[in-house]
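Please look over the sequence and the structure below. A short briefing follows.

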Amino acid sequence: MANYREEHIRNNRRLARQVVGAAALLLALIGLFTVLGWIVGLVRAALDDTDLRNEYRDRLYGMVMLDPVAFDDANSVDEGVFKQAAIWGTVYQVQNSGGSLDQYERDPDTGSALIPALEVDTYISNLLGPDYQVTEGTFSTAEFVYQYDEEKQAYLVPVTSSVALYTPMVERITKKDGQRIVTVGYVPTSSNNATGELSLTAPTEPTKYMDYVFTRGENRQWYLTALRDSDMQVEVTPTPAPTDAVVDNMQNEEMGAADAANTEPESVPVEVAPDAEGLADNGDAPAEDAAAEG
């Protein structure tokens with residue numbers, strides 16, 4: 001009886017140890033998968049630069065939409081280029097954040113929106129760095145003359161006009177020689193035509209690429225210093241070569257056209273009426289015949 005009781009106790013203890021061991025193993029597996037998932041998430045987050053590309057897309061919107069020419073030094077560029085990009089970049093940011101131009105004061109004479117110079121200067125500072133100096137005042141570009149209201153300290157911007165030539169699509173962000181290279185695809189806007197009407201056939205893919213070069217500046221922030229042509233090229237769909245049957249048809253058509261051009265029309269004999277052979281123009285018999293008869 002005592003042996004049976006001891007055996008029963010040992011079995012219970014063995015079962016308890018097995019349950020505890022299984023629970024510990026389960027917890028260990030759960031912990032292992034949790035750690036693996038955490039590591040995979042970190043690696044994926046490190047490799048996925050979607051948020052950074054979207055950030056640069058918004059940051060460069062004003063530049064891309066106006067398609068400025070390439071430059072090697074931002075300080076050598078007419079500041080009107082950056083001021084215009086800052087104005088429309090500010091407008092884009094307002095609309096992209098759910099706002100509208102109705103939040104700005106309007107000029108009573110022209111109806112133009114008054115974009116505060118402070119917002120324009122902030123946009124330029126974020127793009128080019130705090131060391132870039134901007135001169136406030138009226139300036140002109142190939143598209144518009146931007147009047148500056150001294151009293152309001154704001155730029156008059158026509159709200160009914162569209163100057164957007166392209167929208168940006170950031171393709172890649174790389175580092176080279178201590179610089180950050182942001183390769184941007186230029187997607188033509190849907191209303192990019194002479195009339196400004198909506199174009200349903202406008203491209204939805206980039207038609208060219210440009211590299212925006214950023215250099216570390218104050219507070220280790222990246223600021224635009226150059227704009228260059230990119231080595232990324234637009235893929236051109238090759239035109240399929242004509243098949244042998246198509247080539248034969250083209251050659252036959254060319255040969256047929258050549259034969260038709262070289263063939264001279266046959267001469268057509270002209271029949272003369274019998275009663276007209278011996279008559280003069282006045283209908284009388286010829287003079288020789290009349291003398292013979294006489």
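Helix α4 is followed by G98, which has a positive phi, near 95 degrees. Helices (H or I, at least four residues) and strands (E, at least two) are DSSP runs, numbered from the N terminus. This is a predicted model, where local features need pLDDT of at least 70, side-chain atom pairs count only at pLDDT 80 or more, and totals for chains, interfaces and linings use all residues. Residues are numbered from 1 along each chain as its sequence is written, and side-chain values use heavy atoms, without hydrogens and water.

**Helix α4**
- The 18 residues of α4 (residues 79-96) should span 26 Å at 1.5 Å a residue, and the end C-alpha atoms are 25 Å apart, which agrees. The expected span is 1.5 Å times one less than the number of residues.
- Of the 18 residues of α4, 13 are buried, so the helix is largely enclosed by the rest of the structure. Buried means under 20% relative accessible area, exposed over 50%, and partly exposed in between (1.4 Å probe, protein chains only).

**Whole chain**
- The chain has 7 helices and 9 strands.
- Buried residues make up 28% of its 294 residues.

**Salt bridges**
- The structure holds 7 salt bridges, each a side-chain nitrogen of Lys or Arg within 4 Å of a carboxyl oxygen of Asp or Glu.
- One of them joins K208 and D67, with the closest N and O atoms 2.8 Å apart. K208 lies in strand β8 and D67 in the loop between α3 and α4, so the pair ties together parts 141 residues apart in sequence.
- R53 forms another with D49, at 3.0 Å between the closest N and O atoms.
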